[in-house]
Amino acid sequence: MDWQLLGMTFGLVFLSELGDKSQLAAIALSGSCRHPRAIFLGSAAALVVASFLGVLVGEGVAQVLPTQVLKGAAALGFACLGLSILWPHGRDDKLI
């Protein structure tokens, strides 16, 4: 097992999940429930299953497309997402 890859993956997923909607949902559920262990197990299982599906899909796509195409598509997707967040869409909300 590649321990460096394991540690890097853990760190990146951990940091990306801090303050995420799933964490906020777990906070809201635990505030209104007397069984925090069940909430922990349910949210942990959901994260594991979602990550597993992401790995399966990523592995499948990587077998069909070359690595450079995947990296380019990911970069383009992130750039489009960033621009769509920054670009006003005619709504009343303005950039600060």
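**Notebook: helices, rings and a nonpolar patch**

I began with the record: UniProt, in an unreviewed entry, places the feature "transmembrane region" at residues 38–57 and 69–87. UniProt positions are in the numbering used here, feature names are shortened, and annotations may be inferred rather than shown by experiment. I note that this is a predicted model, where local features need pLDDT of at least 70, side-chain atom pairs count only at pLDDT 80 or more, and totals for chains, interfaces and linings use all residues. Residues are numbered from 1 along each chain as its sequence is written, and side-chain values use heavy atoms, with hydrogens and water left out.

**Entry: the two annotated spans**

I looked up residues 38–57. This span is 100% helix and 0% strand, and its end C-alpha atoms lie 28 Å apart. Then I took residues 69–87. Here the chain is 95% helix and 0% strand, with 26 Å between the end C-alpha atoms. Helices (H or I, at least four residues) and strands (E, at least two) are DSSP runs, numbered from the N terminus.

**Entry: F40**

I found F40 in helix α3. F40 is exposed, because its relative accessible area is 53%. My scale: buried is under 20% relative accessible area, exposed is over 50%, and partly exposed is in between (1.4 Å probe, protein chains only). From F40 to G54 I count 14 residues in sequence and 21 Å in space, C-alpha to C-alpha.

**Entry: the nonpolar patch**

Which residues make the nonpolar surface patch? I list V57, V61, V64, L65 and V69, covering about 420 Å². Like charges are joined within 9 Å, and nonpolar side chains (Val, Leu, Ile, Met, Phe, Trp, Tyr) within 5 Å. Areas come from the Shrake-Rupley method with a 1.4 Å probe; for residues, only the protein chains shown count as cover. Helix α3 (residues 36–64) gives the largest share, three residues. V69 belongs to helix α4 (residues 67–86). At a relative accessible area of 42%, V69 is partly exposed.

**Entry: aromatic rings**

I searched for rings of Phe, Tyr and Trp (its six-membered ring) with centres within 6.5 Å; planes under 30 degrees apart count as stacked, over 60 as edge-to-face and the rest as tilted. The count is one aromatic pair. Why is the pair F10 and F14 stacked? Their ring centres are 5.8 Å apart and their planes sit at 15°, so they are stacked. F10 and F14 are four residues apart in helix α1 (residues 3–17), so about one helical turn separates them. F10 is exposed at 58% relative accessibility, while F14 is partly exposed at 45%.

**Entry: Q4**

Q4 also sits in helix α1. I read 68% relative accessibility, so Q4 is exposed. Q4 and G31 are 27 residues apart in sequence and 36 Å apart in space, C-alpha to C-alpha.

**Entry: cysteines**

I looked for disulfides (cysteine sulfur atoms within 2.5 Å) and found zero. C33 is partly exposed at 34% relative accessibility. C80 is partly exposed at 45%.

Note on methods
Patches are made of residues with over 30% relative accessible area and no salt bridge: like charges are joined within 9 Å, nonpolar side chains (Val, Leu, Ile, Met, Phe, Trp, Tyr) within 5 Å. A salt bridge is a side-chain nitrogen of Lys or Arg within 4 Å of a carboxyl oxygen of Asp or Glu.
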